[in-house]
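These are my notebook entries on one structure. I set down what I looked up, in the order in which I looked.

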Amino acid sequence: MRLNLHDYSGHPFQVELSRYLAGRGHEVLHGYAMQYITGHGNLTVSPEDPSTLRIEGLRAEREMHKYDPVGRARFEFSYAKAWREQLDREDFDVVVACNVPLFALAAMRQYFARRRQPWVLWHQDIYSLGVGAEAGRRLPQPLSGAAKAQFERMERAQVRSADRVVAIGDGFVQQYQRWGLNADHVTVIPNWAPLQELTPGPRDNAWTQRMGIPSEPVRLLYAGTLGRKHNPMLLLELLDKVKARGVDAILLVCSEGVVADFLQEQAGDRTDVRVLGFQPAEDFSDVLASADAVIAVLEPDAAEFCVPSKVLSHMCAGRPTIALMPESNASANDVRFTGGYVGAPTPEGADGAAAWLAAARADETALARIGHACRNFAETRFDINTIGQRFEEILAEVAQRPVGLDDGTPLAIVTEDGVPNVA
């Protein structure tokens, strides 16, 4: 098969799947958004990679304005245009859309229908809920209500019109059913992290030496995107509560963007907080290995549909996770099962995490035992051969299936010129 696997975010496990499929003899073009700033996977083709693998970043003509609704919509339409131009240059048996934001995928959905292009939605997040919540904060009623309803119709149409949907959890299927959709074309495949790229290693390593990270304090690490579904102040709250229990600790934050900048401003000139920016993919294993405990934070309104991939990376690296997230999140069970801490994303949850860490420090082998359990869990769940075969079967089925026509669901609430359209 000739495959276009487009992961807007450029994350590690998606490109691992592309490498697996290319290794199976399929011609794979792996795409990602060059303007989206986040922690990336290994997006460089090496001599060891299959000759059937290509990796190409896409750049939209418009600049991204992440927290400006009209500017963000314009960027997404521009991004869809760049992706269409790429697809127009060659034919693919199947296109996989992963992490593609709402407006961009709305445009692509209609393009796929016009071109009769078989495609799979690899559904990582229910974007209409987050975009709708933002509309509720910015727009008066009844305009915000109309906007939310339109966003939901857009995403519902994407799920309905995809030839197959790969959802990352059962919560997605339940949402489809609430939308009144038939879920017969949906397969649930939980996310994972690349076992071979992220491995347990020494706490003090080449990365810590290069960055000048002190060895004595307990290292709390947050590595990944900080966005509006995260409360960055909980990181400082956790650090302070750990130190209040007599544990010398530092907080390392590998992230970038508006929220990371805000965290740096709040930390001021504290020497026990270092905001380091995203680190290169080739250093990420050492970054995770440097931690005594790795932090995941998730707000309640994102709990049902967001599965933080950072938790899965922590498992691969054999490091305990402190998860400040609702109990209902799918990752919470995994963290608890491996011996980590799960608490509410509140000051009280941070205090419980501090007590857990202080107790673990009192037992000289506790953190090591938890780390070993994490790696064992990852090796049991994250085998790319098993996961890749499931994807390969789905893609082969889609490649042989006749393609339907677009259902005519309206494209978007904002036109390419940024003009609101709620008619």
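Predicted model: local features only at pLDDT ≥ 70, side-chain atom pairs only at ≥ 80, totals over all residues.

Entry 1, cysteines. I looked up Cys316 and found it buried, with a relative accessible area of 0%; buried means under 20% relative accessible area, exposed over 50% and partly exposed in between, with a 1.4 Å probe and protein chains only. The closest cysteine sulfur to that of Cys316 belongs to Cys374 and lies 10 Å away, too far for a bond. Cys98 is buried as well, its relative accessible area being 0%. I searched the whole structure for disulfides (pairs of cysteine sulfur atoms within 2.5 Å) and found zero.

Residues are numbered from 1 along each chain as its sequence is written, and side-chain values use heavy atoms, with hydrogens and water left out.

Helices (H or I, at least four residues) and strands (E, at least two) are DSSP runs, numbered from the N terminus. I found five of the five residues of β4 (residues 94-98) buried, so this strand is largely enclosed by the rest of the structure. Val94, Val96 and Cys98 cover one side, Val95 and Ala97 the other, and all are buried. Two strands pair if DSSP finds at least two bridges between them. Strand β1 (residues 2-7) runs parallel to β4 and is joined to it by five bridges, with Asp7 opposite Cys98. On β5 (residues 119-123), four bridges pair that strand with β4 in the parallel sense, and Val95 stands opposite Trp119. From β4 the chain crosses through α3 to β5 in a right-handed β-α-β crossover; right-handed means that, with the strands pointing away from the viewer, the path from the first strand over the helix to the second runs clockwise.

How many residues of β9 (residues 249-254) are buried? I counted six of the six, so β9 is largely enclosed by the rest of the structure. Ala249, Leu251 and Val253 point one way, whereas Ile250, Leu252 and Cys254 point the other way. Strand β8 (residues 218-223) is parallel to β9, with six bridges between them, and Val218 has Ala249 as its bridge partner. Three bridges join β9 to the parallel strand β10 (residues 273-275); there Val253 is partnered by Val275. The chain passes from β9 through helix α9 (residues 258-267) to β10, and this β-α-β crossover is right-handed.

The largest one holds 138 residues, of which Trp122, Tyr176 and Leu220 touch the most other members. Helix α3 (residues 102-115) gives the largest share of this core, nine residues. Contact means heavy atoms within 4.5 Å; leaving aside neighbours within four places in sequence, the contacts of Tyr176 include His123, Ile126 and Val159.

I located Arg19 in helix α1 (residues 12-23), buried at a relative accessible area of 13%. Its side chain makes a polar contact of 2.8 Å with that of Asp49. A polar contact is a pair of N or O atoms within 3.5 Å; within protein, one must be able to donate a hydrogen and the other to accept it, and residues adjacent in sequence count only if both atoms are side-chain atoms.

Note on methods
Core = buried A, V, L, I, M, F, W, Y, C linked by side-chain atoms within 4.5 Å.
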